[in-house]
Amino acid sequence: MIFNSVQFLIFFPIVLLINFLLPVKVRWIGLLISSYYFYMSWNPYYLLILLAVTMITYLGGLLIVWTKRPQIRKLWVALNFGLTLAIMVIFRYPHFVLPVGISFYTLQALTYTMDVYRGETEVEKNFAKYALFVSFFPQISSGPIERAKNFLVQIREPHYYEYNRVKNGLLLMTWGFFKKMVIADRIAILVNNVYDNYPNYGGPEIIVATIFFAFQVYTDFSSYSDIARGAALILGYDITENFKQPYFATSIREFWQRWHISLSTWFRDYLYIPLGGNRHGKLIKYRNIMLTFLASGLWHGTNWNYLIWGGVHGACQVLGELLRPIKERFYQKYNVRTTPFSFRLSKGIITFIIVDFAWIFFRANSAGDAFAIIKRMCTVWNLKTFLGGGIFSLGLEAKSFILVIILLIVLLLTDYINKEGNLLDKLADQNVIFRWIVYFCLILGILFTGVYGGDSIQSEFIYSQF
């Protein structure tokens, strides 16, 4: 059951009705049952794997708390990590079977193990409440990866109906559906056509498709996070914001502070810092950065293209660290002002180009395809054909292509407003007529240019494959 399906549009209202009809003290039980049903809708056998991860990490937390000797506590942590990661590796990487969301909920369960070990969260003795933390249906498929210390506390609290929560949650979900069904799925038509048939296209066409993919993966993944956050908000739960206008970043380091935040902070807190972080000199720091990003690439898949994608981001971060003193001396010597908009814009464009180049490896079907695509992008150019209407032969008709450009401008403007402050709060300050015009535009956009649009397609979320 995916968010952009008829099944979910039936499932979610039923869950809300049951949730608000149940006594407050037992609403979490209804959510646990709903979450298990949601997960079993893909394949009932997946539940066995989910239960195995839940039981291992639940017992691990208890053993860590009950054990007083530090060496034995570390042994329980290591055993917990080993068994949990082994399950993920066995069922994911040999391509035996790929249970939906296994990469997300295993990392989420491991945050509990580490938070208990570090004393950052209380051990949860109620197995069913802990099971809800691992399986909470809005986020189980593609995150965000929630921290135990943030979410378990909320499970223990009573949750009541709150009008503002429901309103803001519905708005978040609507915006998420709009980004997925109107923008991402439409862009996917062009991107899939060019990348799956790249020998037929030259540099200009591949550059357009690569830029479009940058926005496809962003709108697709962030839309899932928005729908998940909105659904959780309606139910009374706050989960992590996963994206903060990543394409406004002015460095690769800042990009990762804004992109897939729950994953990047997981690797920072549970891999980079335990490896030593930046505490043992620059060489160890650079090594740890590279290992962290290579691990992030492997988390996405064992194909070489994912490893290269992670390596590109890691290498750019290391290079940025190495060049920082040189740049600062250059700015000081030539009195370069770093505060004007033009300077920040140029840094933002350079960062986007680097990120977009790395996306080639992420999107290509293999590392070999990625290098072949880059070669054609650099060597095969026919601007006459491209400018003569060839841009409208990449999979989207002229009107749809122009619509995508307009939608991307709207997306960037929305992100800019969110960067300067919360858009929902700004919208709430407007008069009721303006607000409802915005609501109807979103809904009509979903209906007529999304669900019933002539060239729209319904597809799974990109990150559901991870």
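# Pocket, helices and core

Me: By class, how is the lining of the largest pocket made up?
Reply: The lining of the largest pocket has 23 nonpolar, 12 polar and 10 charged residues. Here Ala, Val, Leu, Ile, Met, Phe, Trp, Tyr, Cys and Pro count as nonpolar, Asp, Glu, Lys and Arg as charged, and the others, Gly among them, as polar. On a 1 Å grid over the protein atoms alone, a pocket is an open set of points where a 1.4 Å probe fits, with protein on both sides within 12 Å along at least five of seven lines; a set from which the probe cannot get out is a cavity, and lining residues have an atom within 4 Å of a point.

Me: What sort of model is this, and how are residues numbered?
Reply: This is a predicted model, in which local features need pLDDT of at least 70 and side-chain atom pairs count only at pLDDT 80 or more, while totals for chains, interfaces and linings use all residues. Residues are numbered from 1 along each chain as its sequence is written, and side-chain values use heavy atoms, with hydrogens and water left out.

Me: How much space lies in the largest pocket?
Reply: The largest pocket holds about 1,100 Å³ of space. That volume is the space filled by probe spheres set on the grid points, which are joined across faces, edges and corners.

Me: Which residues lie nearest its centre?
Reply: Of the 45 residues lining the largest pocket, Trp175, Thr414, Asn418, Leu423 and Leu424 lie nearest its centre.

Me: And which helix supplies the largest share of that lining?
Reply: Helix 17 does, with 10 residues. Helix 8 (163-196), helix 9 (203-235), helix 17 (398-420), helix 18 (423-428) and helix 19 (432-451) each supply at least two residues. Helices (H or I, at least four residues) and strands (E, at least two) are DSSP runs, numbered from the N terminus.

Me: New topic: which residues have the most contacts inside the largest nonpolar core?
Reply: They are Phe8, Tyr237, Tyr247, Trp259, Trp359 and Tyr463, in a core of 130 residues. The largest share of this core, 17 residues, comes from helix 9. A nonpolar core is a set of buried Ala, Val, Leu, Ile, Met, Phe, Trp, Tyr and Cys residues joined through side-chain atoms within 4.5 Å. Buried means under 20% relative accessible area, exposed over 50%, and partly exposed in between (1.4 Å probe, protein chains only).

Me: What is Phe8 in contact with?
Reply: Neighbours within four places in sequence aside, Phe8 is in contact (heavy atoms within 4.5 Å) with Met1, Ile2, Phe3, Pro13, Phe38, Phe137, Met173 and Phe177.

Me: What does Ala209 touch?
Reply: Ala209, in helix 9, touches Leu190, Val191, Val194 and Tyr195, not counting residues up to four places away in sequence. Its C-alpha atom is separated by 9.9 Å from that of Ile189, 20 residues apart along the chain.

Me: Buried or exposed, Ala209?
Reply: Ala209 counts as buried because its relative accessibility is 0%.

Me: What about helix 14: why does its span agree with expectation?
Reply: Its 23 residues should span 33 Å at 1.5 Å a residue, and its end C-alpha atoms are 32 Å apart, so the two agree. The expected span is 1.5 Å times one less than the number of residues.

Me: Which helices do its buried residues pack against?
Reply: The buried residues of helix 14, including Phe343, Gly348 and Trp359, pack against helix 8, helix 9, helix 10, helix 12, helix 13 and helix 15 (367-379).

Me: What does Gly348 touch?
Reply: Gly348 touches Ala249 and Thr250, residues up to four places away in sequence not being counted. Gly348 counts as buried, at 14% relative accessibility.

Me: Now backbone geometry: where is the cis peptide bond?
Reply: It joins Gly143 and Pro144, with omega about 0 degrees. Pro144 is found in the loop between helix 6 (127-135) and helix 7 (148-156). Most residues other than glycine have a negative phi, and most peptide bonds are trans.

Me: What is phi at His260 and at Asn335?
Reply: Phi is near 40 degrees at His260 and near 55 degrees at Asn335, each a positive value in a residue other than glycine. His260 lies in the loop between helix 10 (252-258) and helix 11 (261-272), whereas Asn335 lies in the loop between helix 13 (304-333) and helix 14 (341-363).

Me: Which of the two is buried, and which exposed?
Reply: His260 counts as buried, at 0% relative accessibility, whereas Asn335 counts as exposed, at 65%.
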